[in-house]
Amino acid sequence: EAGARVIAVSDVSGGIVQDQGLDPAAVLAHSKRTGSVVGYPGARSISNEELLELPCDILIPAALENQIRSDNASRVRARLICEAANGPTTPTADSMLYARGTPVLPDILVNSGGVTVSYFEWVQNIENEQWDLDAVNHKLEVKMTRATDAVLDEQKRINDSLHEIDAEREKTGKKGDLRDARLSPVDLRTAALVLAISRVAQVALERGIWP
């Protein structure tokens with residue numbers, strides 16, 4: 001819908017790739033008719049493992065956890081990874097990708113739309129209301145946009161702070177101690193977790209703990 005060209009997709013049976021681009025609607029219709037995307041006319045069949053290593057702009061692991069690991073992370077050639085599954089990237093692979101400059105949009109942010117809409121359902125039950133689809137999608141877009149901006153801002157705040165600490169250490173001439181080594185900038189996943197924990201901590205301080 002945003003104009004990207006989908007070159008490969010997969011399911012439990014395997015994957016297909018077509019460099020010129022696939023028609024998502026036609027692939028979905030083929031899958032419903034045959035039970036799998038495999039065998040789609042004009043596309044080449046590949047394994048799910050091969051799909052992860054295709055050169056592309058955006059890779060979206062959207063099914064199983066632990067699919068990008070230390071043993072295959074070096075072969076992942078996507079410029080950006082967008083986690084639509086729960087935990088598709090292992091911590092070691094995450095570090096490897098970040099070290100080489102491949103950004104990973106973390107599942108805690110990308111994959112939170114479903115949980116957010118579940119919250120909307122809870123609110124509707126409590127209020128004895130029923131929102132239409134457009135209202136739900138609008139509320140979801142607002143929350144997801146704010147969450148994304150907040151995580152990006154938190155990453156910048158943390159990394160700016162770490163940069164200031166490094167600069168201060170350089171000025172004071174502290175060297176040779178591991179504790180004074182350069183501080184590594186944090187990735188989006190770390191920033192999201194820091195923001196989440198700080199929010200929970202702030203609420204606990206304001207409200208206290210109750211039965």
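These questions and answers cover the fold of the chain and the setting of one cysteine.

This is a predicted model, where local features need pLDDT of at least 70, side-chain atom pairs count only at pLDDT 80 or more, and totals for chains, interfaces and linings use all residues. Residues are numbered from 1 along each chain as its sequence is written, and side-chain values use heavy atoms, leaving out hydrogens and water.

Q: What radius of gyration does the chain have?
A: The radius is taken over C-alpha atoms, and the globule rule is 2.2 Å times the number of residues to the power 0.38. A compact globule of 211 residues would come near 17 Å, but the chain has 22 Å.

Q: Is Cys 82 buried or exposed?
A: Buried means under 20% relative accessible area, exposed over 50%, partly exposed in between (1.4 Å probe, protein chains only). Cys 82 sits in strand β5 (residues 80-82). Because its relative accessibility is 16%, Cys 82 counts as buried.

Q: Which residues does Cys 82 touch, leaving out those up to four places away in sequence?
A: Contact means heavy atoms within 4.5 Å. Ile 58 is 24 residues from Cys 82 along the chain, with 7.0 Å between their C-alpha atoms. The residues touched by Cys 82 are Ile 58, Leu 59, Ile 60, Pro 61, Leu 105 and Val 110.

Note on methods. Helices (H or I, at least four residues) and strands (E, at least two) are DSSP runs, numbered from the N terminus.
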